[in-house]
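Q: Can we go through this structure feature by feature? I would like the general idea, then the case at hand.

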Amino acid sequence: MAVKLKLTRLGSKKHPFYRVVAANDETRRDGRPLEFLGYYNPMTNPADVKLNADKIKEWLARGAEPTDTVRSLIKAHLS
């Protein structure tokens, strides 16, 4: 079972809001996650990002692989 750190989409049409989650590799984009790790709101200026660094580091230590977008959010906001 491979785990990915990815975004799930919330919000209404043309007003996206995303949660950063840990989920199985085969799970649908908006399927049931293993754990919530934070959120990302691209509609504000600047974008509103809140990530739980402890939980993210724990999942990365377990071997979870972040998607490209989540990797860039982690790099920009947890460095």
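**Reading faces, pairs and a buried charge**

A: Start with the pairing in this predicted model. Strands β3 and β4 run antiparallel, joined by 4 bridges. A hairpin of 6 residues links β3 to β4.

Q: Which residue in β4 is the bridge partner of Y40?

A: Y40 pairs with V49 of β4.

Q: Which residues of helix α2 are buried?

A: An α-helix has 3.6 residues a turn, so residues three or four places apart point the same way. In α2, residues 68–78, the buried ones are V70, L73 and I74. They cover an arc of only 100° around the axis, so they sit on the same side of α2. The face turned away from that buried side carries exposed D68, K75 and A76.

Q: What do the buried residues of α2 pack against?

A: They pack against β1, β2, β3, β4, α1 and β5.

Q: K6 is buried; which side chain of opposite charge is nearest?

A: D25 is nearest, 6.1 Å away. K6 has no salt bridge. A salt bridge needs the nitrogen and a carboxyl oxygen within 4 Å.

Q: What does the side chain of K6 reach?

A: The K6 side chain reaches the backbone oxygen of T27 at 2.9 Å. K6 lies in strand β1. Its contacts include R19, V21, D25, T27 and V70. V70 is also one of the buried residues of α2.

How values were computed: Residues numbered from 1 in each chain as written. Predicted model: local features only at pLDDT ≥ 70, side-chain atom pairs only at ≥ 80, totals over all residues. Heavy atoms only, no water. Buried < 20%, exposed > 50% of the residue type's maximum accessible area, 1.4 Å probe, protein only. Helix = DSSP H or I, 4+ residues; strand = E, 2+ residues; numbered from the N terminus. Arc of directions from axis to C-beta. Contact = heavy atoms within 4.5 Å. Pairing = 2+ DSSP bridges. Lys, Arg positive; Asp, Glu negative; His and termini not counted. Polar contact = N/O pair within 3.5 Å; in protein donor to acceptor, adjacent residues only side chain to side chain.
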